[in-house]
Amino acid sequence: MSENGHSIPRRVLLAALASVLASPVLAWAIPSGAARSNRIRAERLLSDLGGAKAIGARYLALAPQESAPGFLAACLFPADGAGTCGEADPDRLRRALDDRRRRDFAAGDTVLIDGWILARTEARLCALTTLG
Amino acid sequence: MLEDFRQREDGSIVETDLCIIGAGAAGITLARELAGSHRDVVLVESGGLDADTATQALYAGKVVGAAYPPLDVARLRFFGGTTNHWDGHCAPFDAIDFEKRPWVPYSGWPNTLADLQPFYVRAQDVCELGPCEYRPEKWRDALPGLIGFEPGRLVNRLWQFSTPTRFGQHYRDALGGAPNVHVLLNANVVEIVANDDATTVRALRLSSIEGRTGTIRAGVFVLACGGIENPRLLLASNRVMQNGLGNGHDLVGRFFLEHPHALLAFALPQVPLERHAVYYGNFPAANTDSRATFQAKPGLSEQVQRQEGLLNCCIDVGWGYQRSPGYLKFREVVKALARGRAPDDMGRAVLTIPGDLGGLAEGLYRRIRDQNLFWFASSPEQAPNPDSRVTLDMERDALGMPRVKLDWRLSAPDKATARRTCRLVGEEFARLGLGRMRLDDWLLADDTTWEGLSVRYHHMGTTRMSDDPQQGVVDRHCRVHGIDNLYVAGSSVFTTSGYANPTLTIVALAVRLADHLKGGDVH
């Protein structure tokens, strides 16, 4: 269980996991441009961006077919698909993602990143921060 | 009556109706149940009332398979047997454990849980437990902190804790005072003597370590020496049948089962750890007058076992700062020094601590910061495997008996079951906001290796039960196939191991066998 050179350092992962969907909602004005705005939206849902990016990169290495911001955004923000998100209610979005995260765990739709069990929604959210 | 065999004349003969070999949980339960019946009973025990080195050394043997503790440490050879170091964990088997499961080769007992249920009720008293009620929903008010797992994935399994009952101490007076029970101590059975076609046992040959010999003749014999010694005695009694008694189909000693145990994962807690103390053991039932104490464990649901072709499994949940070997050994050394004495195994400490400085540092850091973790260990059922076996070695003990050779094998389904169950627990902990789990690296490898493997001293399966003589050594009544007056008691008759600690089932089967032997359909 010790950290090694091939693993994401535990403290980074822990901080990132703790931050997933837990950060306070800051300014929600999203710049235009679908890919960029979705990435920024994902980033604003996470408080530890460095850890999230490390998780996201590891997830995309496991699931390279998902390396498309549009696909990830469609999975994460289905209400408005891969389009812009300026009108989305951030609290509703957070609740929706949290529900989806719990549904992932209940359904076993999870991934292992360095042995950590993540809901696919969590992993995709982290992945989105690395794209666009 | 309790008698020391060494005080008898050399060459003495004891005649009785029924002879039980071995005074452990099974043998003492049988004798206790038969006390006061119309049958004269002799309970013959290798050791005395206390442990002694020379007798204990008769248990030494060779380990050639998966790593296993020395065989003379894993069991105790004196009155009370291995209950003398029993920790008292009790749980019945699940209904599915008795089933013939198409995805588990060699599974299927000839009995069902319903057959055994009345005997589990009586076994609870023998083991000084609370009511025979293990359904979590019946204890929900008394056991706060039980987790509401997603139905169909995980279920709560309950254990009860015996005091623990030391069978030798607890039942000695009752047996000593029973007019029809004769306990013969310091008497080693060195041969089961059968008739010419090995269909009936005639006698037992006895020997003390000092060389005193004797014979017991009985109408019925019950072998109750544990999951390693039972096959040893059958295999070594090969004067008539070259392969040993009851071994016409080469099954005696095969299918050795254990409960492989290892640390599987940890989790970062998101709730106060004390909220779920019912999972850590010896938890008293609240708001009841029951004397029972409990431990809950997340277990694999029957639905998942059937859908995914898995074995049965439970996960032990614990907590602490660190569980790595360096930290645990360091803690042991510090505790010993604080009590003003040297650690038991300083040599091991010297080797272990420097080899795990990272684990030690992390443990100390967590301790200083008071950051506990959840820890998860396994208690999976093992897949029955004919190549996992006890055989006779060339080397002999002080009595001239061949020593045993243990070749314990682990199979891929054992590890796959532990991995899958642990992952489900991790998913449920995350879903419920209890903690975030990381699985150990070794667990993720799809092979049969186990890191940090330890065992529970649960020796099962070596004289397995089946109505088909080609599939089992004993029948549903625990009678050895083909031998009309030889029975086997204890966990060696288990067809499969389940995840539950075996003692309660050993005792339940012994109570059932006693009823059978008291009936009119035996010799």
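Q: Where does Trp319(B) sit?
A: Trp319(B) is in strand S14 of chain B, residues 313–320. Helices (DSSP runs of H or I, at least four residues) and strands (DSSP runs of E, at least two) are numbered from the N terminus.

Q: Anything to know about the model and the numbering?
A: The model is predicted: local features need pLDDT of at least 70, side-chain atom pairs count only at pLDDT 80 or more, and totals for chains, interfaces and linings use all residues. Residues are numbered from 1 along each chain as its sequence is written, while chains are lettered from A and ligands numbered from 1 in the order in which they are written.

Q: Back to Trp319(B): is it buried, exposed or partly exposed?
A: Trp319(B) counts as partly exposed, because it has 19 C-beta neighbours inside 10 Å. A residue is buried with 20 or more other C-beta atoms within 10 Å of its own, exposed with 12 or fewer, and partly exposed in between, with C-beta atoms placed from the backbone.

Q: What does Trp319(B) touch?
A: Setting aside residues up to four places away in sequence, Trp319(B) touches Leu273(B), Tyr280(B), Asn372(B), Leu373(B), Phe374(B) and Trp375(B). Contact here means that the C-beta atoms, placed from the backbone, lie within 7 Å. Trp319(B) and Trp375(B) are 56 residues apart in sequence, with 5.4 Å between their C-alpha atoms.

Q: What about Gly253(B), which loop is that in?
A: Gly253(B) lies in the loop between helix H7 (229–236) and strand S11 (263–269) of chain B. Gly253(B) is buried, because 30 other C-beta atoms lie within 10 Å.

Q: And which residues does Gly253(B) touch?
A: Not counting residues up to four places away in sequence, Gly253(B) touches Pro231(B), Leu235(B), Arg389(B), Val390(B), Thr391(B) and Thr462(B). The C-alpha atoms of Gly253(B) and Ser492(B) are separated by 8.8 Å, though these two are 239 residues apart along the chain.

Q: New topic: how many residues are in the largest nonpolar core?
A: That core has 172 residues, and those with the most contacts inside it are Ile21(B), Leu30(B) and Ala489(B). Helix H14(B) gives the most to this core, with 10 residues. A nonpolar core is a set of buried Ala, Val, Leu, Ile, Met, Phe, Trp, Tyr and Cys residues joined through C-beta atoms within 7 Å.

Q: What is Ile21(B) in contact with?
A: Leaving aside neighbours within four places in sequence, Ile21(B) contacts Val44(B), Val189(B), Leu204(B), Phe221(B), Val222(B), Leu223(B), Ala224(B) and Cys225(B).

Q: You mentioned H14(B). At what angle does it pack with H4(B)?
A: Helix H4 (residues 113–126) and helix H14 (residues 503–518) of chain B pack at about 110°, with their axes 8 Å apart. Axes are lines fitted to C-alpha atoms, for helices over the stretch in contact, and angles run from 0 to 180 degrees between N-to-C directions. H4(B) and H14(B) are therefore roughly perpendicular; that word covers 65 to 115 degrees, with angles under 35 roughly parallel, over 145 roughly antiparallel and the rest oblique.

Q: Which residues make that contact?
A: From H4(B) come Leu116(B), Phe119(B), Tyr120(B), Arg122(B), Ala123(B) and Val126(B), and from H14(B) come Leu504(B), Val507(B), Ala508(B), Val511(B) and Arg512(B). By class, the contact of H4(B) with H14(B) has nine nonpolar, no polar and two charged residues. Ala, Val, Leu, Ile, Met, Phe, Trp, Tyr, Cys and Pro count as nonpolar, Asp, Glu, Lys and Arg as charged, and the others, Gly among them, as polar.

Q: How do H1(B) and H6(B) cross?
A: The axes of helix H1 (residues 25–34) and helix H6 (residues 167–177) of chain B come within 11 Å and cross at roughly 25°. That makes H1(B) roughly parallel to H6(B). Ala25(B), Ile28(B), Ala31(B) and Arg32(B) of H1(B) meet Phe167(B), Tyr171(B), Ala174(B) and Leu175(B) of H6(B).

Q: And chain A, what is it built from?
A: Chain A has six helices and two strands, running α-α-α-α-α-β-β-α from the N terminus on. Buried residues make up 40% of its 132 residues.

Q: How many residues are in contact between the chains?
A: 17 residues of chain B are in contact with 14 residues of chain A. On the side of chain B that touches chain A, H12(B) gives the most, with five residues. The residues of that side divide into five nonpolar, four polar and eight charged.

Technical notes:
Two residues are in contact if their C-beta atoms, placed from the backbone, lie within 7 Å.
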